[in-house]
Every structure is written in structure tokens, then in C-alpha cells.
Amino acid sequence: MEAVKIGVLGLGTVGGGVVNILKRNAKEISRRAGREIIVTCASARDITRERICDTQDIELTTDSLEIINNPEIDIVLELMGGTTLAKDLVLQAIDNGKHIVTANKALIALHGNEIFVKASEKGVMVLFEAAVAGGIPIIKAIREGLSGNQIEWLAGIINGTGNFILTEMRDKGRDFADVLAEAQALGYAEADPTFDVEGIDAGHKLAILASLAFGIPLQFEKVFTEGITKITRADVEYAEELGYRIKHLGIARKTAQGIELRVHPTLIPAKRLIANVDGVMNAVLVQGDAVGPTLYYGAGAGAEPTGSAVISDIVDVVRVLSGDPEHRVPHLAFQADAISDIPVLPAEQIQTAYYLRLSAEDKPGVLADVTSILAKHNISIEALIQKEPLEGNTRLPVIMLTQTTLEKEMNAAITEIEALSTITGSISRIRLETLG
Ligand code: HSE
């Protein structure tokens with residue numbers, strides 16, 4: 001049978017990884033796919049640049065339209081990133097009847113609903129395994145492996161850069177900015193690194209996972225995001241002392257009222273496996289009603305781990321190339337006419353426990369005032385440590401863990417506590433999940 005021909009938009013790190021794996025593992029991959037797979041053309045901004053892959057047999061062009069309009073091409077790989085040109089090219093390629101494989105989480109999170117409608121009209125597949133958690137086959141696991149379950153919640157370390165920063169701060173006492181610069185040099189960070197540290201990148205990935213888990217449309221705009229820039233060394237140490245680790249988690253949870261979608265620094269018990277996922281590694285914990293907790297771990301970025309995910313999608317497309325378009329695996333796991341309109345909850349309705357750190361005056365009655373405000377808002381304290389004041393300082397750090405409460409109540413309590421004359425500055429609040 002004739003080889004399947006691939007055209008690549010954007011021959012950078014991931015594209016180079018794909019080309020290298022396809023060449024090295026050609027025999028094994030075609031044994032799985034049933035056809036030979038070859039990259040015949042690729043577009044790049046600068047075709048003279050040195051690449052990590054051999055481009056001898058690949059026709060290079062600066063004009064992506066040449067690829068999407070090429071009748072020889074069966075599958076277009078969108079690896080250029082961005083959401084403007086990438087979206088236009090993907091929609092045009094779909095119009096031209098091309099199947100799409102993309103690693104672009106922002107594109108899927110922001111424009112996936114529109115792209116999938118068009119793909120269904122045209123009877124083509126759009127696959128995006130590489131968009132979430134790099135090499136971990138988490139999309140396939142949720143969409144296919146767990147399709148017998150009601151997914152109750154999932155929680156993931158889905159940004160390697162953020163995890164690398166928190167790990168280095170904890171283990172080596174390094175500064176935030178210094179570790180971020182290293183992540184950028186290693187090629188893990190986004191073009192705009194605020195996407196990593198402010199939780200935007202993880203928010204894109206969470207929106208995708210939540211759609212697949214709960215059968216809801218992609219709704220990135222409803223994801224609550226909080227970054228890691230305010231986490232201090234002191235918070236990391238106090239958390240350790242209490243038996244917790246701080247991780248930047250993406251959490252999606254189905255409740256009776258709706259769906260919580262949130263990315264924020266989170267205290268989790270140090271004994272949980274996911275608390276021990278360090279460096280740039282990613283992990284996603286998925287709780288299904290039948291299977292119980294399942295944990296997926298691996299490299300969340302990098303040329304070949306991400307290339308591995310891209311190729312698994314290519315193989316899926318190749319396997320069904322001649323199949324009936326009506327009976328393919330649905331883009332968002334659930335059949336298009338069975339997508340539900342269950343609401344995504346506003347941040348104030350999140351239910352979680354909290355770590356609070358406040359700076360209090362060292363005199364009788366201060367803690368009583370704080371705890372009575374918490375009690376008024378029905379917030380129960382789980383643990384409390386009061387530290388010695390630092391030398392020459394009349395203020396002392398107080399660290400509290402609370403039981404689960406409504407975010408709205410906590411917001412109100414924090415406002416009242418910060419207004420006390422005996423409390424200085426703002427309260428550090430980190431959400432806490434036991435993930436049990
Ligand atoms: N900037 C992302 C990360 C790359 O650090 O995880 C992979 O999506």
C-alpha cells in the first residue's frame with residue numbers, strides 16, 4: 001500500500017523530534033500502523049537554520065499554504081504554536097480534507113470547539129495527544145482507557161516549568177528568577193514564560209482534560225488560575241513541617257452543583273505519589289468511580305517525548321484512514337450530540353481546605369480574634385503553628401491549616417482578618433487538597 005504522506009507546519013524542537021523518531025523507528029511504527037509513514041514537506045520561518053533532524057528528504061518551504069494545499073499530503077502536523085495563523089491554517093487544511101495532528105494546547109483550548117465542528121463536517125480527524133502532558137498518553141487514557149467510568153475528579157502537575165521551579169526552590173533553596181531562566185535555557189518554558197508561572201499553560205491543558213473527562217465543551221475562559229510567583233521559601237518550609245508539599249496543580253472536579261476548574265498552588269500530603277513528582281516531570285491523577293485512583297507519570301515536554309505523543313496520533317489516523325468517519329473515536333471523547341451543558345462553577349463556589357500564613361502581633365487575644373472570625377464563617381481549623389518572632393521583630397508568623405470550606409467564606413474571612421489592627425500585611429493563602 002502507498003505510504004501515508006505527512007506535511008509539517010513548524011519544524012522546530014517537536015517537529016525535529018517527530019522526524020527523528022519516524023526515521024529511527026520506521027519499521028516498528030509501520031508494523032503498528034499498517035502503512036509506511038513519511039514526512040515529505042515542512043514549513044519553517046527560516047529554512048536555512050540548523051535543525052535537530054536530517055531534512056535531506058524533506059521539501060522545506062517558508063509558505064505553509066504550499067503544504068495545506070498540496071493534494072499529496074494526507075496528514076498535516078501543526079507544530080508551529082500560536083493561535084492566530086495556526087488556527088487559520090488548520091481550518092483551511094480541514095477544508096482541504098486533511099487530517100490534523102497538533103501539539104498546540106492553546107489552539108485546542110481556545111478554538112477546539114469550532115475546529116471540531118468543522119472537522120466533523122469534513123469527516124477528518126483532529127488529534128492532540130501532545131497538547132497535554134507531553135509524552136504521557138493521558139488523552140488516550142481518559143478518552144478510551146477510562147471510558148467505562150464516571151470521572152469524579154482529576155488533578156495534575158501539567159506544567160513542567162512550574163514544577164521545576166517549585167522543586168528547585170524546595171530542594172536547593174534557589175531563587176525563583178534564577179530557576180525560571182534555567183527552564184527557559186532548557187527549552188521547557190513557553191515563549192511567554194508568564195504562561196508557565198501564572199498557570200495559563202496549565203489552564204489550557206486543564207480545559208482540554210475536563211472536556212474529555214466530563215463531556216463538556218472546551219471552556220478555558222472559565223478556568224480559575226493563580227500562579228506560583230507569590231510562593232515563598234518560608235511557605236515551602238512550613239508546608240514540609242506540616243507534612244505537605246506545594247505543587248502547582250490543575251484540578252477538575254465534578255460536584256452536585258457543577259464543575260470546578262482551577263489551577264493554583266496546592267498543599268498536598270507529602271506521602272502521595274504525585275507529591276513526589278519533581279523537576280520538569282508531569283503527572284496526572286484521575287479518579288474514576290469504577291477504577292479508583294489512577295496515576296500517569298512522564299516527561300511533559302521535550303523533542304522526543306512530545307514527538308512520541310504526536311506519532312501515536314499519526315498512527316491512529318493511519319489506522320482509520322479508510323474507516324467510516326461516523327464511527328471514529330469522538331474528538332472530545334463523548335459523541336458530539338451528547339456534550340453536556342453542566343455548568344462550570346465560579347471560583348467563589350470552589351470547596352477546598354486552606355493553608356494560611358499571617359503575621360500577627362505578639363500579644364494576648366490576637367489569635368482569639370482570628371479564630372472567632374474563622375468560626376463566624378464556619379471555617380474549622382485543622383492545625384496551627386505559631387513561630388518565634390524573628391530577632392528584633394514583634395510580629396510572629398502564624399500558620400494554619402483549615403478544613404474544607406467554601407472559597408467565598410474564606411475570601412470574606414481573609415478580608416476581615418486582614419482588617420484587624422494586630423495583623424500586618426496580607427495573608428498568604430494556598431489551597432490544600434488531600435487527593436484521597
Ligand atoms: N511550557 C510547557 C511546560 C511545555 O513547561 O510544561 C509543555 O507544554
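At what angle do the axes of helix α4 and helix α5 cross?

## Helix pair α4 and α5

The axes of α4 (residues 85-95) and α5 (residues 105-122) cross at roughly 15° and come within 10 Å. Axes are lines fitted to C-alpha atoms over the stretch in contact, with angles from 0 to 180 degrees between N-to-C directions. The two helices are therefore roughly parallel (an angle under 35 degrees).

Contact (heavy atoms within 4.5 Å) involves Ala 86, Lys 87, Val 90, Leu 91, Ile 94 and Asp 95 of α4, and Leu 107, His 111, Glu 114, Ile 115, Lys 118, Ala 119 and Lys 122 of α5.

## Model and conventions

This is a predicted model in which local features need pLDDT of at least 70 and side-chain atom pairs count only at pLDDT 80 or more, while totals for chains, interfaces and linings use all residues. Residues are numbered from 1 along each chain as its sequence is written, and side-chain values use heavy atoms, with hydrogens and water left out.

## Parallel sheet

An open sheet of 6 strands runs in the order β3-β2-β1-β4-β5-β6, with parallel pairing. Because β3 (59-61) and β6 are at the edges with a single partner strand each, one side of each has no neighbour in the sheet.

Within the sheet, β1 (residues 4-9) pairs with β2 (residues 37-43) over 6 bridges; pairing requires at least two DSSP bridges. Val 8 has Ala 42 in β2 as its bridge partner.

## Helix α6

In α6 (residues 138-145), Ile 138, Ile 139, Ala 141, Ile 142 and Arg 143 are buried, meaning under 20% relative accessible area with a 1.4 Å probe, protein chains only. These buried residues pack against β6 (126-127), β7 (151-157), α10 (200-214), β11 (281-288) and β12 (292-299).

Terms used. Buried means under 20% relative accessible area, exposed over 50%, partly exposed in between (1.4 Å probe, protein chains only). Helices (H or I, at least four residues) and strands (E, at least two) are DSSP runs, numbered from the N terminus. Angles under 35 degrees count as roughly parallel, over 145 as roughly antiparallel, 65 to 115 as roughly perpendicular and the rest as oblique.
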